[in-house]
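User: I'd like to learn how to read helix packing and a ligand site from a model. Can you walk me through it?

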Amino acid sequence: MSIKSKTAKNICVIGAGHVGLVAAACFAHLGHKVICVDNNKKRINGLKKGIMPFYEPGLEKLVINGCKKEKLSFSFSISGSVKCSDLIFIAVGTPPMPDGSVDLIAVENVVKIIANNLNDYKLIVSKSTVPVNTGKRLLKIIENNKKGKNSFDVASNPEFLREGKAIFDFFHPDRLIFGVGSQKAANLLHEVYSKIKTEKIVTDINTAEMIKYASNSFLAMKVSYINAISCLSDKLGADIKKIAHAIGADKRIGFDFLNAGIGYGGFCFPKDVQAFHYTAKKLGYDFRLLDEVQKINKNQPKLFVKRIEERLGTLKGKNFSVCGLSFKPNTSDIRFSPAIKVINLLLAKKAAVYVYDPQAIDNSKKILIGNVTYCKKPYLKSDIDCLCVLTEWAEFEKIDFKKLKKQIPGLLVADGRNTLNREKIISNGFGYIGIGR
Ligand code: UGA
C-alpha cells in the first residue's frame, strides 16, 4: 500500500502515544516521510532502537520497516520537525480534569511551539480528542504567537482507532472525518489519505470535534444499555447472550458493542463521556442520558463482586485466581480498567488475589496494593475458591475444565466477560456466575 510520490507528504506527528505512534507508522507505510516527536526521551530513544512503549499487535514490525526504509524517524525536537513538514498532526494527551473538563495544556504548548516555527504554509491537524471549539482556540493561539507572515490552516481529523486493532483500523476505517476551514486544507487531507478507500466526510472544525465525542458516547451508551438489560436478565433468569444476539440481528441496531460485562474502561470512553457531558452542561444542556450511562458503568464491577460474595458467603480470606487485568484484550493498557476495579473491591474485602494477564502485569504492579501475587500463567491450584475472568483474552477460553475437575472440585467460576463456555463449566460440576446469564 505505498502511494505515488506526487501525493507523498512530509508529515510531523507530535506525540508517540497510542494514537500518534500508530498514525506515524501507518503514514510512513503509505509512503509519506514522517517524523514522530515526543518529549519523553526514554520513549524516543527506545523507539530509535525498535523498542515499543506499549503492546499493539503489528506495530513493532511497521515501525521497524518504516525506519529501515527511511520513511519514519523519531525526534525530541518539535521545532526542527515542524520546519521540514507540510502537515503537523497533534496527538498529545488530553487527560480529564476532576471537574469533567479536559486538560488542554499539552495541546496548547505544542501549538505555541508550532507557531514559533512556521517557516512556510503548514496544515496543523488535531488528532487528539479535544472539546468542541478547541480548533478555533488553537487558530487564535497560532495567530497570536506566530512570527512572520507565513499562512497556515488548522484542521480536525479525529481518530477512531481501537487499541489492540489499531493498525487494521487505520488502514480500513469505516469513514474518515476532515474538519476544515479551507479547501486547501481539505485537499491536503485528501492527498494524505488518498490510498485509504473509504467515505471521506468533510465538515467544519466544530462538527468534526463533535463527531468524535458523539461516536464514543454512543458506543459507551450501547455498552451501558446492554449492561442494564443484563441486570434485569440476572433477576429474571434470562440469557443476555441470546438477547444481545437477537436484538443485534436487527440491522438498525447491529451486533457490535452489545457484549455485557463488568463495564467499559480504557482512556477513551470514560473520559470522553464525562467530557461530553461537561461540554453539554457548559452550553446549558443537561445531558442526563450520559449521567445514566456512567452510573450503570460504575455499578457493574460492584454488582459482579456482590454476586460472588453471595455465593461464597464471605470474601474474607478467600483465594481468587484472576485472569485479565487490561481494560480489554490485546493491549497492556490498564487505565480505567474494570478488571482493576473488581480486584480492588476483592482486596478491600480482604480476599487474596493471584493475578495473570498476558501483557498487563508490569503496568498493574505499579498500582495494585495489597494481597496480590503476580503469576506467569493462570493460577489453577487446589487452594483457590474462585476463578475470575475479567478480560476476554482468547487464551482463557482454552482453560481445560475437564482437567480442572479433579484438581479443584467445587470451584466457583465467575466470568466477568461472558467469554467462557458456561455449559462445559456447569457440566463439569463447577459453580458459574456470568453477567446477565
Ligand atoms: C474506543 C473507540 O472504539 C475507538 O473508535 C476510538 O478511536 C477510541 O476509543 C479513542 O477514542 O481513541 P478503545 O478505547 O480502544 O476504542 O476500546 P473499545 O474497543 O471501544 O472498548 C472500550 C471499552 O468498552 C472496553 O473496556 C471494552 O471491554 C468495553 N466493551 C466494548 C464492552 O464492555 N462491551 C462491548 O460490547 C464492547
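User: In which hand does α12 pass α13?

Analyst: Look at which way the near helix is turned from the far one: clockwise by less than a right angle counts as right-handed. In this predicted model, α12 passes α13 in a right-handed crossing.

User: And how do I describe the angle between α12 and α13?

Analyst: Start with the axes. Those of α12 (residues 288-312) and α13 (residues 338-348) cross at roughly 45° and come within 9 Å. Angles of 65 to 115 degrees would be roughly perpendicular and those under 35 degrees roughly parallel, so α12 and α13 are oblique to each other. On the α12 side, Pro301, Lys302, Phe304 and Val305 make the contact; α13 brings Lys341, Val342, Leu345 and Leu346. By class, that contact holds six nonpolar, two charged and no polar residues.

User: What about α9 and α12: which hand is that crossing?

Analyst: Left-handed. The axes of α9 (residues 205-236) and α12 cross at roughly 45° and come within 9 Å, which makes α9 oblique to α12. Among the contact residues are Ser217, Ala220 and Met221 of α9, and Leu289, Leu290 and Val293 of α12. The contact of α9 with α12 has nine nonpolar, six polar and two charged residues.

User: Now the ligand. Which residues come nearest?

Analyst: Of the 20 residues around the ligand, those are Phe160, Leu161, Glu163, Lys212 and Asn216. Next, check polar atom pairs. A ligand oxygen lies 2.8 Å from a polar backbone atom of Phe160. For Arg417, a side-chain N or O atom is 3.2 Å from a ligand oxygen.

How values were computed: Residues are numbered from 1 along each chain as its sequence is written. This is a predicted model: local features need pLDDT of at least 70, side-chain atom pairs count only at pLDDT 80 or more; totals for chains, interfaces and linings use all residues. Side-chain values use heavy atoms; hydrogens and water are left out. Axes are lines fitted to C-alpha atoms, for helices over the stretch in contact, and angles run from 0 to 180 degrees between N-to-C directions. Helices (H or I, at least four residues) and strands (E, at least two) are DSSP runs, numbered from the N terminus. Angles under 35 degrees count as roughly parallel, over 145 as roughly antiparallel, 65 to 115 as roughly perpendicular and the rest as oblique. Contact means heavy atoms within 4.5 Å. Ala, Val, Leu, Ile, Met, Phe, Trp, Tyr, Cys and Pro count as nonpolar, Asp, Glu, Lys and Arg as charged, and the others, Gly among them, as polar. A residue is near a molecule or strand if one of its heavy atoms lies within 4 Å of it. A polar contact is a pair of N or O atoms within 3.5 Å; within protein, one must be able to donate a hydrogen and the other to accept it, and residues adjacent in sequence count only if both atoms are side-chain atoms.
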